[in-house]
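Hi everyone, thanks for coming.

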Amino acid sequence: MNYEPLVDVQRHPFSQVALIDLRANAFAAGNWPLVYILSDEQHLRAYIGETTNTLARMSTHLKHNEKQLLTAVHLITSEYFNKSATLDIESMLIKYMAADGKYSLLNGNLGLANHNYYQQNALYDEVFREVWNRLIAHGVVSRTLEHLDNSDVFKYSPYKSLSLDQRQGLLTIMHEILNPRIKNIVLEGGAGTGKSVLAIFLFKLLNSEEHRFDLREFSDEEAEIQALLTKLKQALPKPKMALVVPMTSFRTTLKKAFKHVSGLSPSMVISPSELSRQHYDIVLVDESHRLRKRKNLGAYFGAFDKTCNVLCMDKYSCSEVDWVCKQSDKAIFFYDQDQSIKPSDADTDVFKNLKSAQDSVTHKLLSQFRVKGGQPYVEFVDNLLNGRLKNRAMLTERNYEFVMFDSLSDMVNTISEKERQVGLSRLIAGYAWPWISKKDPKAHDIVIGDVRLRWNSTNTDWINTKHSHKEVGCIHTTQGYDLNYTGIIFGKEIRYDKKNQSIVIDRKNYFDRTGGQGIQDPAELKQYIINIYKTIMLRGIRGTFVYACDNDLREYLKQHIPLHTSANATHEPTVEELVPYVNAVPLFDLQVAAGDFSEPQTAEHDEWVALPYGVRPREGMFACRVIGESMNRVIPNDTLCLFRPDNGGSRNGKTVLIECIDNIDADTNSRYTVKVYKSFKVADEHGWQHTHIQLKPNSYDDSFKPLELTEDEAVRYRVVGEFICVID
């Protein structure tokens, strides 16, 4: 089968002499919109751009101090490209090539917002996939899109499109950095609202040299951001900046992300104690709810006291929040009170006082980006864990898999299968078991029935380690991360009191030594543990699975979370009765041939098939199976399709089922095909008259040719039905 390529990628040397060769490229010489990649294999640097004037743009790049050192250019061309499409593909290439990691990109931030344009979803998603596959073939990139979608380097890349909510936050921060009366900026937002993405985008933005910075002016907001950035560059040409990340594991991940971005360095991502080394113009703190005070610090007591001493601060009254404020001219905190999960976390009063200070400003992020269940799922989990749901209320979100398991073994197997299918699927548990395997790697920490599991074998970047899908993570190794699916194990430290109809905490089964030590108030400990489960239940992008060790808690959760049905269940499946033209249509045994006309068939039916979900039933609808390859762009070979009866009117451009009436016997010698219909007409004194009809294939195989019918021939053909959709 022949396949017409959607794009072409050509490699040329990048030099003044090579510009002559570029004139031989029809797209480059003809001022077509195209995308290009400049690269250098020796120093592994690259620049990605788009243009409608290739020769002039290449000449400009050859005069640039850095870009003239690049040695090769790949031109990406297509007859389907328009200006909006090339801008989009350029932006996508920057995001994915930065994550691929072969080259250090010379590009600045690009594409503040996603923009819609004609055929974006219908065509250009497929075009970009083909572009990427051809770049793999040319050796420009190496990893698949599926792999990169799951990588933290991609998730936390600064080359991201920002939502309206995030752009408003960005504007707030930039205005207040320029405001001499403001010292502290607090960006509040729940889990999955894009705080980390915004922090990294801002960090890259303020560290880009102005000649590398590139924003597409699709909106007034982006023009405003461009003007603000110019002012910031004048005030702080080379700002001393740091991104503070309190959690060791997440800090390691962000260092990896910074490693592959031109202008950024892993050394810019620091721990709170490293603030003592120097004063900064701007400090950003991601996950600032995890900044600590001097309580339950374990082995960190020494480092905490040492830093306080260097900064001349009272170790008993200060917190790491104070360190940030002292060591920066401008401090930007990304904060979520509900993700404070340990008594060592800085008190909420510290942040309340910070937000209410005269030299502080607060902005809230509301949109949910992580979980496909969106804000309704976030609110549902909060109400579920805090006992605020009405009797048997359930989440009705079709785009999100939220499932309760009666069997831990089934949940473990389901997570394993999701890991095989889409990756980034992990088990996470509450801290209800001691970490025995830390000293004895052969020991099992979590033993429930016949299921034997081990805690995470490392605290550093555990999610991305080789065997992490076979282990169980905790709050400390998963907070801040995105996963596709999570399997949450509610341990025996959290139970349900049926009498009082509330969740209760069993302190003796809580084994986080620094998590409960020194807490006298049971309500305080309960709030920390509720925050832990809420936080880990908001890690899964595509779905969250739940198992509870406590029987009563399991029964409570089953009232509000759909129950998983085992594949081995013995009950009979429910079969919906097929009712003609209510939920079913007749199946015609036509053996429709999309390619060659079929052998003579009689149009009879003695069975019915279910209508696809969401299709409104109408009298006269029918189904039949389409055979052949002449319509395979829409209808794969041997596919069951739904049709409606032809009611006349314009059929131009529609896919139709056509009967060829044989002169011998129209009843028994009928022949059928599926084609795209087009009628050609001319006007005369009698009105519009047909000149001929074209029945056109829609196939990747260009050996199929249109059938041209004259007016005399057309009387032997009859349109039987109009194609609605594929059923299977």
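Let's start here: which strands does helix α19 lie across? The helix, residues 522-536, lies across β13 (425-429) and β17, and runs at about 150° to β17. Contact here means heavy atoms within 4.5 Å. The axes are lines fitted to C-alpha atoms, for helices over the stretch in contact, with angles from 0 to 180 degrees between N-to-C directions. Helices (H or I, at least four residues) and strands (E, at least two) are DSSP runs, numbered from the N terminus.

A word on the source: this is a predicted model, where local features need pLDDT of at least 70, side-chain atom pairs count only at pLDDT 80 or more, and totals for chains, interfaces and linings use all residues. Residues are numbered from 1 along each chain as its sequence is written, and side-chain values use heavy atoms, with hydrogens and water left out.

Now the sheet. It is open, with 5 strands in the order β12-β20-β17-β13-β16 and parallel pairing; two strands pair if DSSP finds at least two bridges between them. At the edges sit β12 (401-404) and β16 (472-473), each pairing on one side only. Between β17 (residues 483-490) and β20 (residues 540-548) there are 7 bridges, and Tyr485 stands opposite Gly543 in β20.

On to the rings: the structure holds 24 aromatic pairs, counted when ring centres of Phe, Tyr or Trp (its six-membered ring) lie within 6.5 Å; planes under 30 degrees apart are stacked, over 60 edge-to-face, the rest tilted. Phe405 and Phe545 have centres 5.6 Å apart and planes at 70°, so this pair is edge-to-face.
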